[in-house]
Amino acid sequence: MTDCIFCRIVAGEIPAKLILETENVVAFHDLNPVAPQHALVIPRRHIATLDDATDEDRELLGQLMLAGAEAARLLGCAENGYRTVMNCKESGGQSVYHIHLHVLGGRPFSWPPG
Ligand code: AMP
């Protein structure tokens with residue numbers, strides 16, 4: 001059994017509130033939302049960090065972004081707008097080492113981020 005939480009969600013071993021699923025990606029609600037709408041979009045295949053992605057992952061990363069946009073539409077925050085974030089490694093604030101796109105909506109976001 002893998003010790004990657006997100007691989008276990010993909011495998012159905014840990015429950016998640018699903019938003020959408022495709023052949024290659026899964027979107028679900030974040031367990032500890034930091035905005036009224038907070039989704040995570042992950043590839044089914046384990047890639048630890050964005051720094052580990054290669055040119056072979058180009059198509060998959062595009063699918064991840066497009067699934068994020070679709071998740072935002074399904075959550076009803078596409079019209080007003082939303083924030084997408086992918087944290088990378090320690091200084092980027094990454095805590096789960098299986099790449100994931102945060103989709104945050106339902107309130108305004110400031111720039112620069114903290
Ligand atoms: P990051 O800090 O960018 O790695 O984001 C990891 C995110 O995963 C955090 O926002 C957590 O709240 C979220 N998270 C951790 N475990 C789960 C889980 N089992 N189901 C849903 N979201 C989770």
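A: Let's start with G76, which is found in the loop between α2 (58-75) and β4 (82-85). Helices here are DSSP runs of H or I with at least four residues, strands are E runs of at least two, and both are numbered from the N terminus. This is a predicted model in which local features need pLDDT of at least 70, side-chain atom pairs count only at pLDDT 80 or more, and totals for chains, interfaces and linings use all residues, with residues numbered from 1 along each chain as its sequence is written. Side-chain values use heavy atoms, leaving out hydrogens and water.

Q: Is G76 buried or exposed?

A: The cut-offs are under 20% relative accessible area for buried, over 50% for exposed, and partly exposed in between (1.4 Å probe, protein chains only). G76 counts as exposed because its relative accessibility is 62%. Its C-alpha is 8.5 Å from that of G106, 30 residues apart along the chain.

Q: What about E23, where is its place?

A: E23 belongs to the loop between β1 (18-21) and β2. It has 69% relative accessibility, so it counts as exposed. Going C-alpha to C-alpha, E23 and R44 are 8.2 Å apart in space and 21 residues apart in sequence.

Q: Let's turn to the ligand. How many residues surround it?

A: A residue is near a molecule if one of its heavy atoms lies within 4 Å of it. Here 16 residues surround the ligand, and the closest are D30, N87, S95, H100 and H102. Sorting the shell by class gives seven nonpolar, eight polar and one charged residues. In that scheme Ala, Val, Leu, Ile, Met, Phe, Trp, Tyr, Cys and Pro are nonpolar, Asp, Glu, Lys and Arg are charged, and the others, Gly among them, are polar.

Q: Which polar side-chain atom lies 2.8 Å from an oxygen atom of the ligand?

A: A polar contact is a pair of N or O atoms within 3.5 Å; within protein, one must be able to donate a hydrogen and the other to accept it, and residues adjacent in sequence count only if both atoms are side-chain atoms. One such atom is in the side chain of N87, 2.8 Å from a ligand oxygen. G93 takes part through its backbone, where an N or O atom lies 3.1 Å from an oxygen of the ligand. The side chain of H102 has an N or O atom 2.8 Å from a ligand oxygen. Taken alone, the ligand exposes 500 Å², and the protein buries 84% of that. Such areas come from the Shrake-Rupley method with a 1.4 Å probe, and for residues only the protein chains shown count as cover.

Q: Which elements give two or more residues to the shell around the ligand?

A: They are α1 (5-10) and β2 (25-29). Of these, α1 gives the most, with three residues.

Q: Where is the place of H100?

A: H100 is in the loop between α3 (89-92) and β5 (101-105). With 6% relative accessibility, it counts as buried. Its side chain reaches the backbone oxygen of H98 at 2.7 Å. L101 is in strand β5, and at 3% relative accessibility L101 counts as buried. The C-alpha atoms of L101 and V41 are separated by 5.0 Å, though they are 60 residues apart along the chain.

Q: And the backbone geometry? Which residues does a cis peptide bond join?

A: W111 and P112, with omega about 5 degrees. P112 lies in the segment after β5. Look at K89 too: it is not a glycine, yet its phi is positive, about 60 degrees. K89 is in helix α3 and is partly exposed, with a relative accessible area of 34%.
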